[in-house]
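Subject: Structure handover

Hello,

Here is the structure I promised to pass on.

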Amino acid sequence: MKYVKPAIALVSLLVTLSIWGFIAVYRAGYEPNVLQTAIIAILLISGVYAFVVHMRQYRDEQQGFPPEDELSNRIKYKAGYYAFIASMYVWMLIFLFKAFIPDVETMLGGGILLSAFISIAIRNYMTRNYDENQN
Amino acid sequence: MKTRIKELRTARGMTQVDLAKEVGVRRETIVFLEKGKYNPSLQLAHKIASTFDMAIEDVFLL
């Protein structure tokens, strides 16, 4: 069990880098546009974030703390709810501005990654600013 | 919810890390509890009160 967390972290990083590499190879020959660059950036940010979170959990585990407890679970569920609502609005905006998106694959891929990014951002914000009496 | 956790903890010479390990939560949870930003479960409140050998209502104030 001790090495599960770093293994997950390593795999998440490798998967991210592989996808990024795949995109780089697939798109070789022409420079990625702003949208594609943004997608690659979100991919990398998500991968690095997953890596950092898992490493932090692993370090806590080594120090005798539980990787998750009742507060972190509550934050996770609440952040998930807010992320879902925010993602709905993002998808609505994506469909409204689909004329500016070159193809369906980019639209779907970008939308899914943007949802993941929103989820990360909201969870990160709530971890720092959680207040049960206000949220 | 207001708590007397910080006061009781420092009186016993405990750090946040010590208390967190004692009751089996992350250090951040103790930080949020002390700031009154998190209302703990009954189980956690009981564990914390037991650590201080006090009743729950003497540690957590409404």
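Predicted model: local features only at pLDDT ≥ 70, side-chain atom pairs only at ≥ 80, totals over all residues.

**Helix pair in chain A**

Start with helix 3 (residues 70–96) and helix 4 (residues 104–129) of chain A. Their axes come within 8 Å and cross at roughly 145°. The crossing of helix 3 and helix 4 of chain A is right-handed.

Which residues meet there? From helix 3 of chain A, they include A:Ile75, A:Tyr82, A:Val90, A:Trp91 and A:Phe95. From helix 4 of chain A, they include A:Met107, A:Leu108, A:Ile118, A:Arg123 and A:Met126. By class, this contact of helix 3 with helix 4 has 16 nonpolar, five polar and three charged residues.

**Chain A against chain B**

The contact takes 17 residues from chain A and 18 residues from chain B. About 1,400 Å² is buried between the two chains, and carbon and sulfur atoms give 49% of that area. Three residues stand out on chain A: A:Phe65, A:Glu70 and A:Leu71. They supply 38% of the area that chain A buries against chain B, more than any other three residues.

How many salt bridges are there between chain A and chain B? The count is one. The side chains of A:Asp60 and B:Arg26 meet in a salt bridge, at 2.7 Å from N to O. Polar contacts between chain A and chain B come to 11 residue pairs, with both residues at pLDDT 80 or more.

On the side of chain A that touches chain B, helix 3 and helix 4 of chain A are the elements that give two or more residues. Helix 3 of chain A has the largest share, four residues. By class, that side of chain A divides into five nonpolar, four polar and eight charged residues.

Best wishes

Technical notes:
Residues numbered from 1 in each chain as written. Chains lettered and ligands numbered in written order. Heavy atoms only, no water. Axes fitted to C-alpha atoms, helices over the stretch in contact; angles between N-to-C directions. Left-handed = near helix turned anticlockwise from the far one by under 90°. Contact = heavy atoms within 4.5 Å. Nonpolar A, V, L, I, M, F, W, Y, C, P; charged D, E, K, R; others polar. Buried area = accessible area lost by both parts, 1.4 Å probe. Salt bridge = Lys/Arg side-chain N within 4 Å of Asp/Glu carboxyl O. Polar contact = N/O pair within 3.5 Å; in protein donor to acceptor, adjacent residues only side chain to side chain.
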